[in-house]
Amino acid sequence: MIPIPGFIISILTFPGVIVHELGHLLFCRLRKVPVLEVKFFQFDMKTAGYVLHGPVDSFGTSFLVSVGPFIVNTLLCLLICMPASLPLRYFGDRNLASMALLWLGVSIGMHAFPSTQDAANLMEHAKKAVAARNFRAYLAYPVVGLIYVANLLSVVWFDALYGYFIGILVPSWVLGAL
Amino acid sequence: MRSITCSRCGAVAPRGESLEYRGSDYCGRCGDDLRGEADEGPEAFHPLVDPTVCAFCGADGGDSEHAAAAGLPACPACAERLYRAPLPRWVRGFLAAVAAVLVVCTALNLPYYRAWLSIRRAGPALAAGEHERAAAFMGAASAALPDNRELEGVAALYAGLSLAAKGEEREALARFRTYLSLNPADQAARFQALSLESAVAFEDGDYRTFYRLQTEILAGDPADPMRRLAKASAAACLWAAYGEAERRAEAEATVAAVLAGLPAGDREAAAAAGEYARRIRFRIDTREIIDRDEYYRRHPEEASK
């Protein structure tokens, strides 16, 4: 296992960081949450990007804003990697166009998981929602757990493995099934 | 803008620059003094909000209050900015670049998809015996990816099969040779190429090459009755063309042995071998070398057997 500092990974996969923040922003806009400040990308050792938004009025909105990047990054990763799959998998041809698509797609896919801060925000809203007898909020608990586990496992390249899974394995399976 | 009267100094101060402490309002200066004197922490002092002044840009609404955004009064322009959260120009440029990379790279990869679709159509066409259609599809696949040598080989094989099915052995042989130059280990294709080469040699009247090639083909499966008869046919050609009595004896002995050795009950094999044997015997008896079509043109009564 090669330990590479997180900020270097963020620089190498910067499209994923930008799309991650766009994922938060998109759901803020869709759910009419005021956005106070956005940093799409910065050269920072701890935080490559963030979205600072105003108070959220419902658990559903909090859930969507928190897991927005997971939805957006995963779908975009799949969309971008799909056209690269056939030349690589079927013809064994590593052409430049496919490699460019794979880098872009996997970079975006590996930043799909929400941060621990996103998980903490979601947990706080889930607790309030449960206290207000919104029992659907219990669904957030395993999601929060998964986010924490995914962030923990990022030291063993779990985020990169997820990008590989979505960007390379899933398109291969889709092609194989056609 | 709204104002308060300071509970300590009595001065009139803007509400947005004042604070509340223990239920009373104080101007900014007295508030700072109180912070230094009080035992409580900063959480006991609450900044006052003026709902007529925008908390983000300071725009004064006069007597009318601004709507709240993010829990703070915001003028319409700031509220619009907060809720719309416009993307910076460079982020819009980034998104345009991502879209451009996706479109351009997908367009560059389109030939792979065209080739893939053609390959997918070629297989079923070949399985259905539509050799010409299969060859056309595989040719289109190869044309889509001209640098792909493997695909070029398969396209040549399909074209060879199609031409062989149409009886164009010479052209088919050329395609098989192209395929074999790229796939030298394919024994089935090698056998097909030998068969075509022998057919071309027969067509050219080169009976010594015809005999040599049939000997080579038989070596691949010496027990196969049809291969043995094909070699007998070539031996009969040498007798007919050059009067080589040794080859006549070989042809007669082989035909007799094959017919005697056919498994009992296999009527189909017996019919095929019998038909071939009659043509070989015709060649031995008349010393005339004619192809199958000409033989049945002359003996239409045998075509129905």
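**View 1. Ile80(A) and its neighbours in the predicted model.**

**View 2. The largest nonpolar core.** This core holds 39 residues. Ile80(A) is among those with the most contacts inside it, along with Ile18(A), Leu22(A), Leu25(A) and Phe40(A). Chain A gives two or more residues from each of helix 2, helix 3, helix 4 and helix 7 (158-177). Helix 2 of chain A gives the most, with seven residues.

**View 3. A second, separate core.** It has 25 residues. Among them are Tyr207(B), Ala234(B), Ala236(B) and Leu262(B).

**View 4. The contact between chain A and chain B.** Chain A brings 34 residues and chain B brings 31 residues. The buried area is about 2,600 Å², with 76% from carbon and sulfur atoms. Arg29(A), Leu86(A) and Phe91(A) supply 21% of what chain A buries against chain B, more than any other three residues.

**View 5. Polar contacts and makeup of the chain A side.** Nine residue pairs are in polar contact between the chains, both residues at pLDDT 80 or more. The count of salt bridges between chain A and chain B is zero. On the chain A side, helix 2 (14-30), strand 1 (35-39), helix 3 (59-89) and helix 4 (96-109) each supply at least two residues. By class, this side has 28 nonpolar, three polar and three charged residues.

Definitions and conventions. Residues are numbered from 1 along each chain as its sequence is written. Chains are lettered from A and ligands numbered from 1 in the order in which they are written. This is a predicted model: local features need pLDDT of at least 70, side-chain atom pairs count only at pLDDT 80 or more; totals for chains, interfaces and linings use all residues. Side-chain values use heavy atoms; hydrogens and water are left out. Contact means heavy atoms within 4.5 Å. Buried area is the accessible area (1.4 Å probe) that two parts lose on being put together, summed over both. A salt bridge is a side-chain nitrogen of Lys or Arg within 4 Å of a carboxyl oxygen of Asp or Glu. A polar contact is a pair of N or O atoms within 3.5 Å; within protein, one must be able to donate a hydrogen and the other to accept it, and residues adjacent in sequence count only if both atoms are side-chain atoms. Helices (H or I, at least four residues) and strands (E, at least two) are DSSP runs, numbered from the N terminus. Ala, Val, Leu, Ile, Met, Phe, Trp, Tyr, Cys and Pro count as nonpolar, Asp, Glu, Lys and Arg as charged, and the others, Gly among them, as polar. A nonpolar core is a set of buried Ala, Val, Leu, Ile, Met, Phe, Trp, Tyr and Cys residues joined through side-chain atoms within 4.5 Å. Buried means under 20% relative accessible area, exposed over 50%, partly exposed in between (1.4 Å probe, protein chains only). Lists of a residue's contacts leave out its neighbours within four places in sequence.
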